[in-house]
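Open the model in your viewer and keep the sequence panel beside it. The stops below are meant to be followed in order, one selection at a time.

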Amino acid sequence: MIRQVKIRVCGRVQGVGFRFFTYQQATKLGLVGYVKNLDNGDVEIVIQGDNISIAKLIQWLEQGGPVSARITAVNVMELIPESQLVAFHIKY
């Protein structure tokens with residue numbers, strides 16, 4: 001079953017390579033979507049894929065993500081899957 005979620009990651013997650021490491025992890029798991037910095041210092045991730053791959057990415061985030069980051073909160077919201085997502089990319 002394909003599902004899509006929006007994740008907001010809080011903490012020290014900008015300026016530490018977080019988007020790049022998230023891109024690598026999501027691509028490795030076969031997920032599509034994007035990661036982008038938000039104006040308030042958080043990072044937003046929208047991912048679409050199977051339940052197992054999404055759960056693995058969320059688990060990676062909850063366990064601290066990349067070593068350089070200091071994650072204080074991971075908030076997940078279910079979305080309706082969008083058919084236009086075909087790859088994972090970093091939004092600038």
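Start with helix α1 and colour F18, R19, T22, Q25 and A26, which are its buried residues. Turn the view until you look down the axis of α1: these buried residues fall within an arc of 125 degrees, so they line one face of the helix. The model is a predicted one.

Next, show what that face packs against. The buried residues of α1 pack against strands β1 (2–12), β2 (32–37), β3 (43–50), β4 (70–79) and β5 (88–91), and against helix α2.

Stay on α1 and select Q25, which is placed in this helix. Is Q25 buried or exposed? Its relative accessibility is 15%, and Q25 therefore counts as buried, the cut-off being under 20%. Leaving aside residues up to four places away in sequence, Q25 touches L57 and W60.

Select residues 18–28 for α1 and residues 51–62 for α2. Their axes come within 10 Å and cross at roughly 145 degrees. The crossing of α1 past α2 is right-handed. Which residues meet here? From α1, show F18, F21, T22, Q25 and A26; from α2, show L57, W60 and L61. By type, the residues of this contact are six nonpolar and two polar, with no charged ones.

Now select E62, which also lies in helix α2. E62 counts as exposed because its relative accessibility is 56%, where the cut-off is over 50%.

Hide the side chains and display the strands. What is the order of the strands in the sheet? The five strands run β4-β1-β3-β2-β5 across an open sheet with mixed pairing. β4 and β5 are the edge strands, each pairing on one side only. From one strand to the next, the twist averages 20 degrees.

Strands of a sheet pair through backbone hydrogen bonds, so backbone atoms are the ones to display for the next stops.

Go through the pairings one by one:

- β1 with β4: the two are antiparallel and share nine bridges. Select G11, whose bridge partner in β4 is I71.
- β1 with β3: this pair is antiparallel too, over eight bridges. Select I2, which stands opposite D50 in β3.
- β2 with β5: these strands run parallel and are joined by four bridges. Select Y34, whose bridge partner in β5 is H89.

**Helices on the sheet**

Bring the helices back into view. α1 packs on the sheet and touches β1, β2, β3, β4 and β5. The direction of α1 makes about 170 degrees with that of β5. Then turn to α2, which lies across β1, β3 and β4. Against β3, α2 runs at about 150 degrees.

Q25 of α1 touches both of the others, and L57 and W60 belong to the α2 side of the helix contact.

Methods. Residues numbered from 1 in each chain as written. Predicted model: local features only at pLDDT ≥ 70, side-chain atom pairs only at ≥ 80, totals over all residues. Heavy atoms only, no water. Axes fitted to C-alpha atoms, helices over the stretch in contact; angles between N-to-C directions. Left-handed = near helix turned anticlockwise from the far one by under 90°. Contact = heavy atoms within 4.5 Å. Nonpolar A, V, L, I, M, F, W, Y, C, P; charged D, E, K, R; others polar. Buried < 20%, exposed > 50% of the residue type's maximum accessible area, 1.4 Å probe, protein only. Arc of directions from axis to C-beta. Pairing = 2+ DSSP bridges.
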